[in-house]
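These are my notebook entries on a single chain, written down in the order in which I looked things up.

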Amino acid sequence: NPAQGSSAGSALGTFAPCPSSPNVSVPQVSAFSTWEKELHKMVFDPRYLLLNPEERKQIFEQFVKTRVREEYKEKKNKLLLAKEEFKKLLEESKLSPRTTFKEFAEKHGRDQRFRLVQKKKDQEHFFNQFILILKKRDKENRIRLRKMR
C-alpha cells in the first residue's frame, strides 16, 4: 500500500483532533494511559488503519510523550496564572502585617482569584510570603523613621 510509507509522519494525528476532517470522529485518547487500554478507542478510526502494526504503537508512544509534555505545560501555566491572580488579590486587600490567613480567607474566600489556587496549602504559602514582605517593609519603615528623629 503506497499510503503506508508516507502516512507515518502525519499519523500522529490519529490520536489528536483532526480539524481538516471534521466528519472523522476523534478518539479521546488519554495521555496518561497505556496502549492496551486505549486500543479499543482507535481500531475503527480510518487513520489508524493506514498504519502498519509496528507504526501504530510507535506513533501512539510519540503522541503520549508529546501530550504529557503539553498537559504539563498547560497545568504549569494555569498555576502561574492562578498565583498571579492570587497575588493581585493580596495586593488589593490592604492587609496589615498582623492579618492572619484565617481572617483573609474568611473575607476573600468567595473571590474567584482566591479559588483559582485550589490547594489550601498553596494559598497559605502565597499568603505567608506576602505577609513576610509586608513585615519586612514595615520594619524598614520603622528603622527609617527612627533615623529621621
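**Ground rules.** I am working with a predicted model, in which local features need pLDDT of at least 70 and side-chain atom pairs count only at pLDDT 80 or more, while totals for chains, interfaces and linings use all residues. Residues are numbered from 1 along each chain as its sequence is written, and side-chain values use heavy atoms, with hydrogens and water left out.

**Whole chain.** I counted seven helices and zero strands, where helices (H or I, at least four residues) and strands (E, at least two) are DSSP runs numbered from the N terminus. Read along the sequence, the pattern is α-α-α-α-α-α-α. Of the 149 residues in the chain, 28% are buried; I take buried as under 20% relative accessible area, exposed as over 50% and partly exposed as in between, with a 1.4 Å probe and protein chains only. The accessible surface comes to about 11,200 Å², and carbon and sulfur atoms hold 54% of that surface; the areas come from the Shrake-Rupley method with a 1.4 Å probe, and for residues only the protein chains shown count as cover. Among contacts with a separation of 6 or more, 56% join residues 24 or more positions apart, a contact being heavy atoms within 4.5 Å.

**Helix α2.** I listed W35, E38 and M42 as the buried residues of α2, which spans residues 35–42. They lie on the same side of α2 because they cover an arc of only 80 degrees around the axis, the arc being that of the directions from the helix axis to the C-beta atoms. On the other side of α2 I found E36, K37 and H40 exposed.

**α2 against α4.** Two packed helices are described by the angle between their axes and the distance between the axes. For α2 and α4 I noted an angle of about 110 degrees, with the axes 12 Å apart; the axes are lines fitted to C-alpha atoms, for helices over the stretch in contact, and angles run from 0 to 180 degrees between N-to-C directions. That makes α2 roughly perpendicular to α4, since angles of 65 to 115 degrees count as roughly perpendicular, those under 35 as roughly parallel, those over 145 as roughly antiparallel and the rest as oblique. Which residues meet there? From α2 they are W35, E36, E38 and M42, and from α4 they are R56, K57, F60 and E61. I sorted the residues of this contact into three nonpolar, no polar and five charged, with Ala, Val, Leu, Ile, Met, Phe, Trp, Tyr, Cys and Pro counted as nonpolar, Asp, Glu, Lys and Arg as charged, and the others, Gly among them, as polar.

**V68.** V68 is found in helix α4 and counts as partly exposed, at 28% relative accessibility. I saw that V68 and F32, 36 residues apart in sequence, are 7.1 Å apart in space, C-alpha to C-alpha. Leaving aside neighbours within four places in sequence, V68 is in contact with A31 and F32.

**K94.** Most residues other than glycine have a negative phi. I therefore stopped at K94, which is exposed with a relative accessible area of 77%, and whose phi is near 50 degrees, a positive value in a residue other than glycine. K94 lies in the loop between α4 and α5 (101–108).

**Helix α5.** F101, F104 and H108 are the buried residues that I listed for α5. They cover an arc of only 65 degrees around the axis, which puts them on the same side of α5, whereas K102, E106 and K107 are exposed on the other side. The buried residues of α5 pack against α4, α6 (112–116) and α7 (120–148).
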